[in-house]
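Please look over the model below.

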Amino acid sequence: YKVAVKEEMDDAVRLEPGVLAIYSVAEKDRPNSLRFFEIYASDEAYRLHLESPHFKKYVATTQKMIRSRKLIETVPVQLSAKPR
């Protein structure tokens, strides 16, 4: 699963201008429970991501590996990062 996640995330960030960041973390006490934090330039960028070939490949590849999926939509309050 983690191989498929890494490939999809790398492709999304590299190929999609509207994908600003994607982070994946595993829960410390439940390493098979992953959480994702994704930042898109717009709602349209998110919709385009869902239709991208690499995302569709990820969904098909991992379909039987995922027990549950829950989308929690958020509104940015403050996003801070060190300048590159």
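**Questions on the predicted model**

Q: Leaving aside neighbours within four places in sequence, which residues is alanine 21 in contact with?
A: Contact means heavy atoms within 4.5 Å. Alanine 21 lies in strand S1. Leaving aside its neighbours within four places in sequence, its contacts are Phe37, Glu38 and Ile39.

Q: On what basis can these values be read, given that the model is predicted?
A: This is a predicted model, in which local features need pLDDT of at least 70, side-chain atom pairs count only at pLDDT 80 or more, and totals for chains, interfaces and linings use all residues. Residues are numbered from 1 along each chain as its sequence is written, and side-chain values use heavy atoms, with hydrogens and water left out.

Q: Is alanine 21 buried or exposed?
A: Buried means under 20% relative accessible area, exposed over 50%, and partly exposed in between (1.4 Å probe, protein chains only). Alanine 21 has 13% relative accessibility, so the residue counts as buried.

Q: Leaving aside neighbours within four places in sequence, what is phenylalanine 37 in contact with?
A: Phenylalanine 37 and tyrosine 23 are 14 residues apart in sequence, and their C-alpha atoms are 5.1 Å apart in space. With neighbours within four places in sequence left aside, phenylalanine 37 is in contact with Ala21, Ile22, Tyr23 and Leu79.

Q: What pattern does the protein follow along the sequence?
A: Helices (H or I, at least four residues) and strands (E, at least two) are DSSP runs, numbered from the N terminus. The protein has three helices and two strands. Read along the sequence, they give the pattern α-β-β-α-α.

Q: How many Å does helix H1 reach from its first C-alpha to its last?
A: Helix H1 covers residues 2-15, which is 14 residues. The expected span is 1.5 Å times one less than the number of residues. For H1 the expected value is 20 Å, and the reach from first C-alpha to last is close to it, at 20 Å.

Q: Why do the buried residues of H1 lie on the same side?
A: The buried residues of H1 are Ala4, Val5, Glu8, Met9, Asp11 and Ala12. They lie on the same side of H1 because they cover an arc (of the directions from the helix axis to the C-beta atoms) of only 165°.

Q: Which exposed residues does the face of H1 turned away from its buried side carry?
A: The buried residues of H1 pack against strand S1 (19-27), strand S2 (30-40), helix H2 (43-51) and helix H3 (53-62). The face turned away from the buried side carries the exposed residues Lys2, Val3, Lys6 and Arg14.

Q: What do the buried residues of H3 pack against?
A: In H3, His54, Phe55, Tyr58 and Thr62 are buried. They cover an arc of only 100° around the axis, which puts them on the same side of H3. On the other side of H3, Pro53 and Ala60 are exposed. The buried residues of H3 pack against H1, S2 and H2.

Q: What percentage of the residues in the protein is buried?
A: The C-alpha atoms fill a box of roughly 35 × 30 × 25 Å, taken along the principal axes. The protein has 84 residues, and the buried share is 26%.
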